[in-house]
Amino acid sequence: FVFECLTKKPKFLQHNKYIYNYYMREDSASHQRFSDKFLDMIYFCNRKKEVLESSFPQLSSKANQMEFRTHILFLVVLCRTMDEAYIEYERSSIEKVRELYPHINHEILNKQERRMARIIRYGFYQLFKKVLYMKKYKK
């Protein structure tokens, strides 16, 4: 809703400097196990992309960057489960990252996003996921 309101009277400003550094503690929401609520990330990303492409076609490259980053983050979070119920979401996100990879300005990605993009691009996501899951969540 807020995003759609902002599109009605837009004043966009873009800069490539981080202005906020989120400190992730071990008990933060970012470290929770994967659940269905994380599927909202993809849903809202798709909604925002539709609005941007229909209202502001000149921002389509920015919409693609947003979509790319969302799928990267989704796959990072998805590493926290081995539940096969999410396999189609995983495949779809991997496919989307590979599709968008050549068209993304990689300079705007943070270190974690660049690393995950390369892992996915070169086909190591499943191995990365298994190692990470065993290291952090299998106790």
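Trainee: How many salt bridges does the count come to?

Mentor: This is a predicted model, in which local features need pLDDT of at least 70 and side-chain atom pairs count only at pLDDT 80 or more, while totals for chains, interfaces and linings use all residues. Residues are numbered from 1 along each chain as its sequence is written, and side-chain values use heavy atoms, with hydrogens and water left out. A salt bridge is a side-chain nitrogen of Lys or Arg within 4 Å of a carboxyl oxygen of Asp or Glu. By this rule the number of salt bridges is 7.

Trainee: How far apart are the closest N and O atoms of Lys49 and Glu53?

Mentor: Both residues lie in helix 2, 4 residues apart, and are therefore separated by about one helical turn; helices here are DSSP runs of H or I with at least four residues, strands are E runs of at least two, and both are numbered from the N terminus. Glu53 is partly exposed at 38% relative accessibility, a class that lies between buried (under 20% relative accessible area) and exposed (over 50%), with a 1.4 Å probe and protein chains only. The closest N and O atoms of this salt bridge are separated by 3.8 Å.

Trainee: Is Lys49 buried or exposed, and what is its relative accessible area?

Mentor: Lys49 also forms a salt bridge with Glu67, at 2.5 Å from N to O. Because Lys49 lies in helix 2 and Glu67 in helix 3 (residues 60-78), this pair ties together parts that are 18 residues apart in sequence. Glu67 is buried, as is Lys49. For Lys49, which is buried, the relative accessible area is 13%.

Trainee: Which residue meets Glu113 in a salt bridge?

Mentor: The N to O distance of this pair is 2.9 Å. It links distant parts of the chain, 44 residues apart, with Glu113 in helix 5 and its partner in helix 3.

Trainee: What relative accessible area does Phe124 have?

Mentor: Phe124 is found in the loop between helix 5 and helix 6 (125-136). Phe124 is partly exposed, and its relative accessible area is 48%.
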